[in-house]
Amino acid sequence: MTIRDGFLGTIGGTPLIRLPWASRITGREILGKAEFLNPGGSVKDRAALAIITDALERGALAPGGTIVEGTAGNTGIGLTLVGNAIGCKTVIVMPETQSQEKKDALRLCGADLRLVAARPYKDPGNYVRYSETLAKELGGFWANQFDNTANRDGHRATTGREIIEQCEGRLDAFTCAVGTGGTLAGVALALKAHDPAIKVVLADPFGSALYSWITSGELKAEGGSVTEGIGQGRVTANLRDAPLDEAVRIGDAEALEAIFAMVREDGLMLGGSSGVNVAAAMKVALTLPKGSRVVTILCDGAQRYQSKLFNPDFLRSKALPVPDWLA
Ligand code: PMP
């Protein structure tokens with residue numbers, strides 16, 4: 001319990017929470033790294049800090065400069081707040097399909113927000129591709145979270161190391177979903193260096209091509225998901241050499257069951273990707289002996305998705321079950 005220095009000094013060092021509902025149901029110990037408690041509200045504060053620290057060290061960015069990035073929202077929030085703390089402007093390109101709450105948060109932070117239509121990666125109008133073009137036009141620094149491995153290295157040095165310390169070295173498996181792959185790859189590298197027997201499992205929503213990549217070597221997507229910030233159609237530089245053992249696929253109904261149960265039974269308000277992660281941790285745990293310990297990531301909070309995942313009309317429109325207490 002020490003005094004932390006401003007926004008930058010408050011990133012990381014998050015609690016590792018024993019999740020009562022998930023642990024009770026499985027008879028295993030399910031632990032969640034509380035990344036929703038970062039000062040910008042998500043796991044992406046860590047990536048933002050790692051990428052900007054690296055850019056400042058390399059001279060790719062200086063105070064007074066402009067940071068440009070394509071993001072589902074959370075990285076944009078992290079980058080904008082880091083930018084504010086070091087005196088940089090931030091231009092954020094985001095697909096218009098993302099939640100209103102994340103758009104509002106970006107405007108509140110002071111980002112110059114540019115919404116674009118959702119397009120596939122191969123299309124130059126895709127939010128990531130367009131952010132690279134815009135960075136060149138503006139003479140700004142393109143953060144490039146997907147292929148800039150400062151992202152993964154930051155997670156290896158902080159998230160991964162913290163998990164090992166908090167578990168006093170004892171854990172049996174780790175699982176989480178992939179957006180850029182920075183979290184999964186960074187934590188996986190740290191855990192495998194500590195103990196190669198720790199199982200690392202990629203959790204994949206429908207609509208993402210990574211489950212089929214791991215299980216059959218082929219990048220193939222199937223279906224879709226209401227979760228945001230996760231799912232990937234290609235092997236990013238951050239993910240490329242990650243030491244992964246397996247993959248599990250998690251549907252929206254399972255992910256939502258987990259986040260709804262955790263609100264009502266545990267008092268934890270989490271977003272959709274945390275639901276995928278906790279559902280995956282439970283699935284992995286059930287393949288391990290009773291009493292095993294599985295760690296996952298609680299990426300961000302429920303409020304960022306209130307108008308969608310906690311809105312009965314939205315849930316019905318997607319043919320997803322509406323819990324009694326929301327109906
Ligand atoms: N969950 C949420 C809510 C996110 O915004 C992101 C990042 N896009 C992730 C999970 C995935 O994290 P990573 O980019 O490290 O794979």
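Strand S8, residues 199–205, is joined to S9 by 5 bridges, and the two run parallel. Within that pairing, Leu202 stands opposite Ala247 in S9. Two strands pair here if DSSP finds at least two bridges between them. Helices (H or I, at least four residues) and strands (E, at least two) are DSSP runs, numbered from the N terminus.

Before going on, some housekeeping. This is a predicted model, in which local features need pLDDT of at least 70 and side-chain atom pairs count only at pLDDT 80 or more, while totals for chains, interfaces and linings use all residues. Residues are numbered from 1 along each chain as its sequence is written.

Back to the sheet. S8 and S9 belong to an open sheet of 6 strands with mixed pairing, in the order S1-S2-S10-S7-S8-S9. Its edges are strand S1 (16–18) and strand S9 (246–250), each of which pairs on one side only. From one strand to the next, the twist averages 30 degrees. In general, strands of a sheet pair through backbone hydrogen bonds, either parallel or antiparallel.

Next, another sheet. What is the strand order in the open sheet of 4 strands? The order is S5-S4-S3-S6, and the pairing is parallel. Strand S5 (112–116) and strand S6 (141–142) are the edge strands. Strand S3, residues 66–70, is joined to strand S4, residues 89–95, by 5 bridges. Here Val68 stands opposite Val91 in S4. Helix H6, residues 127–138, packs on this sheet and touches S3, S4, S5 and S6. The direction of H6 makes about 160 degrees with that of S3. For such angles, axes are lines fitted to C-alpha atoms, for helices over the stretch in contact, and angles run from 0 to 180 degrees between N-to-C directions.

Now two helix pairs. The axes of H4 (residues 74–86) and H5 (residues 100–109) come within 9 Å and cross at roughly 10 degrees. That makes H4 roughly parallel to H5. The cut-offs are under 35 degrees for roughly parallel, over 145 for roughly antiparallel, 65 to 115 for roughly perpendicular, and oblique for the rest. Gly76, Ile77, Thr80, Leu81 and Asn84 in H4 meet Ala105, Leu106 and Cys109 in H5. Contact means that the C-beta atoms, placed from the backbone, lie within 7 Å.

The second pair is H10 (residues 252–266) and H11 (residues 272–285), which pack at an angle of about 100 degrees with axes 7 Å apart. H10 and H11 are therefore roughly perpendicular to each other. Their contact includes Leu256 and Met262 of H10 and Val276 and Ala279 of H11.

On to domains. The assignment gives domain 1 (8–42 + 159–318) and domain 2 (43–142); such bounds come from an automatic or database domain assignment. Their centres, taken over C-alpha atoms, are 24 Å apart. At the interface, 26 residues of domain 1 are in contact with 20 residues of domain 2.

Last, the ligand. Where does the ligand lie relative to the domains? Domain 1 and domain 2 both give residues to the shell around the ligand, so it lies between them. The shell has 19 residues, the closest being Gly179, Thr183, Gly229, Ser273 and Cys299. A residue counts as near if its C-beta atom, placed from the backbone, lies within 6 Å. Helix H8 (residues 182–194) gives the most to this shell, with 3 residues.

Terms used. Contact = placed C-beta atoms within 7 Å.
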